[in-house]
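Look at the structure first, then read the points below.

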Amino acid sequence: MSDKLKDLKIKTGVAKRTWKEHLSYKKELENEKKRVAKMTIEGRDEYDNEVLKETESMISHTKSSFLKAWKEFQDVYNAATNDETLKQSKEYEEGQKVYEDLAKAIEEERAAQA
């Protein structure tokens, strides 16, 4: 396997993993908000606001990690797009699918925030 192919495979995996991690923390934040709201209604308000702050902090952290990984992935993917040999590999096909999926997901997240 060539170095370019290895790099594409690694960057594809990192971009995919960091996006999943970001989504996981967003989901956790929503669950924690619901739990805190329920506990507040029940009159039990302990350390949970601190948990929310930590989760929000992790969302920011994972988003910046993802954006860095996304940029690196795009660079490698775009370079591979210009290489006919790489375009015939299964790693390129996987990269193409991940690129399309993540580009769509990023666009949906932007639209939801607007």
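The side chains of E94 and K16 are joined by a polar contact of 3.1 Å (a pair of N or O atoms within 3.5 Å, where within protein one must be able to donate a hydrogen and the other to accept it, and residues adjacent in sequence count only if both atoms are side-chain atoms). This is a predicted model, in which local features need pLDDT of at least 70, side-chain atom pairs count only at pLDDT 80 or more, and totals for chains, interfaces and linings use all residues. Residues are numbered from 1 along each chain as its sequence is written, and side-chain values use heavy atoms, with hydrogens and water left out.

**E94**
- E94 lies in helix α4 (helices are DSSP runs of H or I with at least four residues, numbered from the N terminus).
- Its relative accessibility is 34%, so E94 counts as partly exposed (buried is under 20% relative accessible area, exposed over 50%, partly exposed in between, with a 1.4 Å probe and protein chains only).
- Apart from neighbours within four places in sequence, E94 is in contact with T12 and K16 (heavy atoms within 4.5 Å).

**Helix α4**
- The buried residues of α4 include Y92, V98 and L102.

**The largest nonpolar core**
- This core has 16 residues, and L8, W19, F66, W70, F73 and L102 touch the most other members (a nonpolar core is a set of buried Ala, Val, Leu, Ile, Met, Phe, Trp, Tyr and Cys residues joined through side-chain atoms within 4.5 Å).
- Two or more residues come from each of α1 (3–41), α2 (48–81) and α4 (90–113).
- The most, 6 residues, come from α2.
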